[in-house]
Amino acid sequence: DTLLLVTDLRYDLDEEQRLIFSLDASTTKGDDALVQSGDLMDLQLGYAYRPIDNERLNMLFRFRYLDDTYGQQLDNSDMPGSLQRSQVLSAEASYDLNQDWTLGGKLGVRRSETATNAAAPWVENDASLVVANARYHFLHKWDALVEVRAMRLDQTETTEIGALGAVYRQLGANVSLGVGYNFGTVSSDLTDIDYEERGTFINLVAQF
């Protein structure tokens, strides 16, 4: 038996500012042999800013609370991954230098507890993230992206460095499709705690 709730809200403060709210929640009661029991709450609050007198600039500040006792699904595996309870603060921005070049970046901090499975103890798993990228519009409707990521893991006192490259094709005014390769294991999503990002990816981006 599973109950699901999905909702999204947006409130425009004015022409430059908006508030964003989303909630994905579910609870499952299974026999734990064929169907795992678990709960999920993914709450996000955001503030977006795009000044009218400078449309080159876009900024997004976001708080995310994730409580996941299902376990993150791993690629090429039917077994669930780690459980987590995380709070994430992030700020990201992009700026159009001209018609060809766009620079962007992201800063994020995660305070979390994780467990390998429902029977395992919860342990602290805090981290911080820095992302820098550059996008080049080299042909009509074609863009190239280069991005560098660095994630600091507090408990192990280690830093993971990653980089990726991608090419995007604009399919319309608000939709683009990209293909690329991630050379590291670091994700730009701080709630991705299993670090299996290396390899080829396809990314569909839509704006509304």
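I began with Tyr136, which is partly exposed at a relative accessible area of 31%, where buried means under 20% relative accessible area, exposed over 50% and partly exposed in between, with a 1.4 Å probe and protein chains only. I note that this is a predicted model, in which local features need pLDDT of at least 70 and side-chain atom pairs count only at pLDDT 80 or more, while totals for chains, interfaces and linings use all residues. Residues are numbered from 1 along each chain as its sequence is written, and side-chain values use heavy atoms, with hydrogens and water left out.

I placed Tyr136 in strand β8; helices (H or I, at least four residues) and strands (E, at least two) are DSSP runs, numbered from the N terminus. I then looked up the surface patch to which Tyr136 belongs, and found Tyr95, Leu97, Trp101, Leu103, Tyr136, Phe138, Leu139, Trp142 and Val167, with about 760 Å² of accessible area together. Such patches are made of residues with over 30% relative accessible area and no salt bridge, with like charges joined within 9 Å and nonpolar side chains (Val, Leu, Ile, Met, Phe, Trp, Tyr) within 5 Å. The accessible areas come from the Shrake-Rupley method with a 1.4 Å probe, and for residues only the protein chains shown count as cover. I noted that β6 and β8 each supply at least two residues of the patch, and that β8 has the largest share, three residues.

**The nonpolar core**

I next looked for the largest nonpolar core, and found eight residues: Val88, Ala127, Leu129, Val131, Met151, Leu153, Val186 and Leu190. A core here is a set of buried Ala, Val, Leu, Ile, Met, Phe, Trp, Tyr and Cys residues joined through side-chain atoms within 4.5 Å. Two or more residues of this core come from each of β8 (127-139) and β9 (142-153), and β8 gives the most, with three. In soluble globular proteins, nonpolar side chains tend to be buried together.

Leaving aside neighbours within four places in sequence, Val186 touches Leu129, Arg149, Met151, Glu160, Ile161, Gly162 and Glu197.

**Salt bridges**

I counted eight salt bridges in the structure, each being a side-chain nitrogen of Lys or Arg within 4 Å of a carboxyl oxygen of Asp or Glu. Side chains of opposite charge can pair when their charged atoms come close.

Glu92 and Arg62 form one of them, at 3.5 Å from N to O. This pair links distant parts of the chain, with Glu92 in strand β5 (residues 83-96) and Arg62 in strand β4 (residues 57-68), 30 residues apart. I read Glu92 as partly exposed at 27% relative accessibility, and Arg62 as partly exposed at 29%.

Arg111 and Asp154 meet in a salt bridge at 3.6 Å, N to O. Arg111 lies in strand β6 (residues 101-115) and Asp154 in the loop between β9 and β10 (158-170), so this pair ties together parts 43 residues apart in sequence. Both ends are partly exposed, Arg111 at 43% and Asp154 at 31%. I also found Arg10, Asp12 and Arg18 joined into one network by salt bridges that share partners.

**Positive phi values**

Most residues other than glycine have a negative phi, and I therefore wrote down the exceptions. Lys141 has a positive phi of about 70°, lies in the loop between β8 and β9, and is partly exposed at 35%. Glu157 has a phi near 55°, is found in the loop between β9 and β10, and counts as exposed at 61% relative accessibility.

I then followed the pairing of β11, taking two strands as paired if DSSP finds at least two bridges between them. Seven bridges join β10 to β11 in antiparallel fashion, and the two form a hairpin with four residues between them. On the other pairing, β11 and strand β12 (residues 199-206) run antiparallel over eight bridges. Tyr181 stands opposite Gly165, and in β12 the bridge partner of Tyr181 is Thr200.

How values were computed
Contact means heavy atoms within 4.5 Å.
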